[in-house]
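Please work through the exercises below with the sequence and the model open side by side. Each task is followed by a solution that goes step by step.

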Amino acid sequence: MFKFKRSFPAPQLGAKFILLTLLGTVLLATCTPADVPKKPWREELRVIVVQGENNMDMEFEQQLVALFGKQLQIKIRLLPLPLDQITSALMANRGHIAAAGLRSNDATVMRFGPSYQTVNEQVVCTGTPPKRIDGLLNRTIAVAAGSAQEAALREAKNKLTELRWVARSKQTAANLLAEVATGKLECTVANEEQLALARNYAPNLDAAFDLATPSRLAWAFAPDSDATLLAEAQKFFAGIKQDGTLRRLLDRYYGHNERLEPIDSVAFITKARTDLPHLRHLFEEGQMVSGIDWRLLAAISYHESHWNPLATSATNVRGLMMLTEETADRMKVTDRLDPRQSILAGARYLRLLQEQLPSRIADEERIWLALAAYNQGQGHMEDARVLTARARLNADVWADVKKIMPLLTQPQYFEQTKHGYARGGEAVILVETVRLYYDMLKHLDTHEMPNLPTTPFRLKLPGSEKFTSP
């Protein structure tokens, strides 16, 4: 059911929290470039970012910027601009850096810092996909103006001079992929991560072929920018590559893409629109008692029971949150099939597992470690952390622990542990899939899901009795 097409070497939850935490040292503010007085970068670092609603790429870039500001111990000011205006603004020295997922392969006028991510640029079309670049000659192609995708097309044009496309201003790869998915546009270009995310909402999208050479994404600097600033950026990226911070960030934002088959994505989105609105107020109550985002609780519940209050497994775990008898007793649940009791107990239990972890573990890592414990038990998760430390990886980071946890099925590993054999691979699948469902719910909550009144509801399933939440 699940695809593991790519594996990053060691989401979402916590990205915004980290940014807020870093504000104790770094001030992230936004304004238009015209409003910004020109100050030396050591007084205030002006960073041009892509204007528009938050998405995974933007959050990832802003996380990097926040960490850079923290290292330099200076104030950061974010300057949002449409993608097609970023290069000219940087050249006019309206900002010191552009952190906008720009392609550094063919640097001519601007200077670039070290590449932090390499991605394939892929052609995506409606109908019968072309197999080669010359198959694009009779197609209508549109890309976001100023994007890495437009730069990749320019490279491809060196081999096929007849190649033509439309560069659209104030557009994103996500917007254009949505147009292709609905048949409004014949073709576009997106990088592999943008496409992987879009396919969760539009399973009919698929890559026709890779275009040009992979894009090496990097921060851009004006040609006359201060050489010491570029040196600081080089030092920063060398440091986060060496200590593993960069790979953990890449894993947090992109490591859980492409977990679902198209049919599973369709089923999830359908139920999010039909079943979830009737349960939403219970998940929101779960957030109130636990402090855990209701959408994450809903994502866990969908993975566990597909939001079926009557769900029962062969091992007798039951209900919306699939509680064991032991956990139900511990959380003082009298009826595991009662939706409200199940959700509140699951939320409180997950919070308890978080609190049992060492206080030094960051919140954005703590939730995923706790979720692995929710699946396999706290003891087995701790065994995995011990083995992670022995492997000289970071036992406080999920991206490292998830590499070791599947080894708990192998005697040469579980015989070294306190709690023995465990299906650790199941915990990894659960956490990574829940991360994806959580991201999808955040997107749907913003764009599509109805927000029904939070009143008591009656949910009737075929062949079942009615369940009423008090």
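This is a predicted model: local features need pLDDT of at least 70, side-chain atom pairs count only at pLDDT 80 or more; totals for chains, interfaces and linings use all residues.

Residues are numbered from 1 along each chain as its sequence is written, and side-chain values use heavy atoms, with hydrogens and water left out.

**Exercise 1. Describe how helix H10 packs against helix H11.**

Step 1. Helices (H or I, at least four residues) and strands (E, at least two) are DSSP runs numbered from the N terminus, and H10 covers residues 276-290 while H11 covers residues 294-305.

Step 2. Axes are lines fitted to C-alpha atoms, for helices over the stretch in contact, with angles from 0 to 180 degrees between N-to-C directions; the axes of H10 and H11 come within 8 Å and cross at roughly 120°. That angle makes H10 oblique to H11, given that angles under 35 degrees count as roughly parallel, over 145 as roughly antiparallel, 65 to 115 as roughly perpendicular and the rest as oblique.

Step 3. The crossing of H10 and H11 is right-handed, where right-handed means that the near helix is turned clockwise from the far one by less than a right angle, and left-handed that it is turned anticlockwise.

Step 4. With contact taken as heavy atoms within 4.5 Å, H10 contributes Leu276, Arg280, Phe283, Glu284, Gly286, Gln287 and Ser290, which meet Trp294, Leu297, Ala298 and Ser301 of H11. By class, the contact of H10 with H11 has five nonpolar, four polar and two charged residues, where Ala, Val, Leu, Ile, Met, Phe, Trp, Tyr, Cys and Pro count as nonpolar, Asp, Glu, Lys and Arg as charged, and the others, Gly among them, as polar.

**Exercise 2. Find the residues through which H10 contacts helix H13.**

Step 1. The axes of H10 and H13 (residues 339-355) come within 9 Å and cross at roughly 35°, and this crossing is right-handed.

Step 2. On the H10 side the contact is made by Leu282, Phe283, Glu285, Gly286, Val289 and Ser290, and on the H13 side by Pro339, Arg340, Ile343, Leu344, Ala347, Arg348 and Arg351. These residues of H10 and H13 divide into seven nonpolar, two polar and four charged.

**Exercise 3. Work out how H11 and helix H14 are arranged.**

Step 1. The axes of H11 and H14 (residues 363-376) come within 13 Å and cross at roughly 30°, and H11 and H14 are therefore roughly parallel to each other.

Step 2. H11 passes H14 in a right-handed crossing, and Leu296, Ile300 and Glu304 in H11 meet Ile367, Trp368, Leu371 and Tyr374 in H14. The contact of H11 with H14 comprises six nonpolar, no polar and one charged residues.

**Exercise 4. Which cysteines form a disulfide, and how far apart are their sulfur atoms?**

Step 1. A disulfide is a pair of cysteine sulfur atoms within 2.5 Å, and by this rule the count comes to one.

Step 2. The pair is Cys125 and Cys187, with sulfur atoms 2.1 Å apart, and the link is right-handed, with 110° about the S-S bond.

Step 3. Cys125 lies in strand E7 (residues 121-125) and Cys187 in strand E10 (residues 187-191), so the pair ties together parts that are 62 residues apart in sequence.

Step 4. Cys125 and Cys187 are both buried, where buried means under 20% relative accessible area, exposed over 50% and partly exposed in between (1.4 Å probe, protein chains only).

**Exercise 5. Is Glu179 buried or exposed, and which residues does Glu179 touch?**

Step 1. Glu179 lies in helix H5 (residues 173-181) and is buried, with a relative accessible area of 18%.

Step 2. Not counting residues up to four places away in sequence, Glu179 touches Arg168, Gln171, Lys184 and Leu185.
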